[in-house]
Amino acid sequence: DPRCPVCAQFEQTVGSTVDKDVEDGKFKIQFVGATFLDGNLGGEGSKNGLSALGAALNVSPEACLKYKTAMYSTKWHPDESGPDKFKDDSYLIKIAQTVPELKDNKTFQNAVKNGTYDKWALDMSAKFNKDGVTGTPTLKMDGKTLTGADGKSAPMTVADFNTALEAALKG
């Protein structure tokens, strides 16, 4: 969920390790977005943020990954208890100005303003809901959930992530 503070924490702590591992060919990755915080907290920033990620993906996979990183950064990610900043298209476009592929990209900006990927975002969220995930972030490899040292939550440090990944890769 774009509004998820724990997802933001994971991205800030482990995100660059995940990106490097994908780039190095350790594994392929599929992101499944969610919008549950809109229902839990009110607002539409989760859907709007996920829709903007769809618009970025339409530009390129690289643009989408860089945009995701920017959205979850300490500079741009809103406090969960604060205002729903991701509901504001101009805020999402302001974040995109920090991504070279999206900077002044009118096609991207129009897609965000027009909600071009809103249906895609809701379809993605429906897939998330069907997967039976109870917390985010959730990491799965070949259908098995990767967990940190506590055996329950996602690995939230690079060390825990590497340990969980190595165990999963061994089968």
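1. Gly171 is exposed, at 80% relative accessible area (exposed is over 50%, buried under 20%, partly exposed in between, with a 1.4 Å probe and protein chains only). Gly171 sits in the segment after α8 (158-170). From Gly171 to Thr13 the C-alpha distance is 25 Å, across 158 residues of sequence.

2. A word on provenance. The model is predicted: local features need pLDDT of at least 70, side-chain atom pairs count only at pLDDT 80 or more, and totals for chains, interfaces and linings use all residues. Numbering starts from 1 along each chain as its sequence is written, and side-chain values use heavy atoms, with hydrogens and water left out.

3. Secondary structure: the chain has eight helices and two strands (DSSP runs numbered from the N terminus; helices are H or I with at least four residues, strands E with at least two). From the N terminus, the order is α-α-α-α-α-α-α-β-β-α.

4. Overall dimensions: the chain has a radius of gyration of 16 Å, which agrees with the value near 16 Å for a compact globule of 171 residues. That radius is taken over C-alpha atoms, and the globule rule is 2.2 Å times the number of residues to the power 0.38. Along the principal axes, the C-alpha atoms fill a box of roughly 45 × 35 × 25 Å. Of the 171 residues, 44% are buried.

5. Residues 24 or more positions apart account for 65% of them.

6. Next, a helix pair. Two packed helices are described by the angle between their axes and the distance between the axes. The axes of α4 (residues 61-71) and α5 (residues 89-96) come within 9 Å and cross at roughly 115°. That makes the two helices, α4 and α5, roughly perpendicular (65 to 115 degrees; under 35 is roughly parallel, over 145 roughly antiparallel, the rest oblique). Axes are lines fitted to C-alpha atoms, for helices over the stretch in contact, and angles run from 0 to 180 degrees between N-to-C directions.

7. Who makes the contact? From α4 come Tyr67, Ala70 and Met71; from α5 come Leu92, Ile95 and Ala96. The contact residues of α4 with α5 divide into six nonpolar, no polar and no charged.

8. Leu92 belongs to α5. Its relative accessibility is 0%, so Leu92 counts as buried. Beyond four places in sequence, Leu92 touches Asn48, Gly49, Ala52, Tyr67, Met71, Phe86 and Val112. Leu92 and Val112 lie 20 residues apart in sequence, with C-alpha atoms 8.0 Å apart.

Methods. Contact = heavy atoms within 4.5 Å. Nonpolar A, V, L, I, M, F, W, Y, C, P; charged D, E, K, R; others polar.
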